[in-house]
Amino acid sequence: MANNTSFLCAIILFSTIVFLTNSSTAMTTFNVQLYGARGDGKTDSTKPFLTAWTLACGSEAQSMVYIPRGTYLVRNLVFWGPCKNIITFKIDGKLVAPKNYWSIGNSGYWILFAKVNRILVYGGTIDAKGAGYWSCRKKGGHCPQGARSISFSWCNNVLLSGLTSLNSQNLHVTVHHSSNVRIQNIRIRAPSRSPNTDGIIVQSSSGVTISGGVIGTGDDCIALNQGSVNIYIDRVLCGPGHGISIGSLGDHADEEGVNNVTVTNSVFTKTRNGVRIKSWARPSTGFVRNVEFRNLVMRNVGNPLIIDQNYCPSGKGCPNQVNNRSSGVKISGVTFANIKGTSTTPIAMKLDCSGSHHCTEITLKNIKLTYMKGATTSYCKNAHGGASGVVVPMNCM
């Protein structure tokens with residue numbers, strides 16, 4: 001069972017931050033329009049945004065960077081900390097990237113908050129205009145690396161609330177090397193065929209809560225990579241996309257583990273996968289422990305429940321094929337509970353674990369997954385655990 005103590009601490013912390021920002025203490029507002037930003041969708045407003053941030057970050061008082069209604073054209077925005085007090089970044093308007101995808105695509109980031117503590121980002125829409133970049137990728141042309149739409153790196157005590165992210169070049173929201181992060185009521189949208197447009201990526205971070213969101217994109221709705229610890233995901237509507245994943249892991253031999261993850265009260269609609277743990281068949285010091293997938297609904301979902309330790313999306317030159325290797329990632333303490341719905345694949349539950357490090361302490365409880373063309377089946381390899389309640393398809397461990 002995932003331990004929620006850290007989440008309670010995070011909620012208390014966020015409540016304290018919100019209280020402070022709404023207390024009688026005066027807040028200094030830095031309106032980007034006062035520094036030359038124009039909401040006409042044509043004028044480059046990058047410099048006014050950075051000016052407003054520099055002033056707010058350096059202010060001794062609680063400060064707000066305010067983006068009024070309008071459409072603001074901005075190139076790469078890197079908001080550096082640390083700042084002297086709590087910062088609120090309030091977006092009432094819409095931020096759009098230039099149509100030329102090279103304008104932001106070479107940096108890897110479009111909007112980046114780095115080394116900022118106590119930051120609250122509210123509302124608004126960001127549109128990275130990724131279609132041109134996706135076309136370049138599909139044609140196999142000379143393309144930049146692509147930009148992540150909004151990122152938090154080396155940040156602590158973060159609240160991201162009410163944001164809409166459209167058409168990212170690759171990743172919409174990333175959280176790296178950060179702690180005590182709450183993402184709530186977020187909307188993410190990109191076409192189902194857009195390449196690598198993951199919704200939310202978490203890596204090397206702890207105490208991350210994702211609560212309330214509608215995510216439809218061309219890759220994972222949410223992906224938890226190495227070093228994700230104390231993660232709580234609740235009330236997410238996922239689809240289209242590739243589901244909610246832990247991994248892929250095993251990218252490196254020396255890798256941080258994933259520990260204490262809960263995914264609950266969420267709905268998956270027409271996704272390629274449901275909830276998934278995936279690792280390459282490579283040597284690794286990584287692990288996955290204490291994971292609970294519970295109270296989930298699958299609506300015409302492929303591979304609703306899957307552990308895949310022979311992950312290789314291309315199907316060619318896979319590590320287990322070339323070197324007869326198995327994954328070094330150790331998976332233990334995974335619970336699938338109260339999960340129902342429909343599968344578009346006959347194998348609704350696939351637990352394909354490592355030959356050298358079997359999956360242990362796998363628990364199945366009250367699962368009912370049906371297949372419209374016949375009975376659902378399950379597949380287990382090197383998976384050990386038990387089941388209780390009604391389990392359909394049948395427990396194969």
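A disulfide here is a pair of cysteine sulfur atoms within 2.5 Å. Keep that cut-off in mind as you look through this predicted model, which holds 6 disulfides.

Let's start with Cys 57 and Cys 83. Their sulfur atoms sit 2.1 Å apart, so with a cut-off of 2.5 Å the two form a disulfide. This pair ties together distant parts of the chain, 26 residues apart. Cys 57 belongs to helix H2, which covers residues 46-57, while Cys 83 lies in the loop between strand S5 (77-80) and strand S6 (87-91). If you check the torsion about the S-S bond of Cys 57 and Cys 83, you'll get about -105°, and therefore the disulfide is left-handed. Cys 57 and Cys 83 are both buried.

Next up is the pair Cys 221 and Cys 238, a disulfide with its sulfur atoms 2.1 Å apart. How is this link handed? The torsion about the S-S bond is 85°, making the link of Cys 221 and Cys 238 right-handed. Again distant parts of the chain are linked, this time 17 residues apart. Cys 221 is in the loop between strand S17 (205-216) and strand S18 (222-224), and Cys 238 is in strand S19, which runs over residues 228-238. As for exposure, buried means under 20% relative accessible area. Cys 221 comes in at 0%, so Cys 221 is buried. Cys 238 has a relative accessibility of 2%, so Cys 238 counts as buried too.

Now move along to Cys 312, which a disulfide joins to Cys 318, with 2.1 Å from S to S. Here the torsion about the S-S bond is -90°, and the link of Cys 312 and Cys 318 is left-handed. Both Cys 312 and Cys 318 are buried.

Cys 83, as you saw, has Cys 57 as its disulfide partner. Is Cys 155 buried or exposed? Its relative accessibility is 0%, so Cys 155 counts as buried.

Key
Residues are numbered from 1 along each chain as its sequence is written. This is a predicted model: local features need pLDDT of at least 70, side-chain atom pairs count only at pLDDT 80 or more; totals for chains, interfaces and linings use all residues. Side-chain values use heavy atoms; hydrogens and water are left out. Helices (H or I, at least four residues) and strands (E, at least two) are DSSP runs, numbered from the N terminus. Buried means under 20% relative accessible area, exposed over 50%, partly exposed in between (1.4 Å probe, protein chains only).
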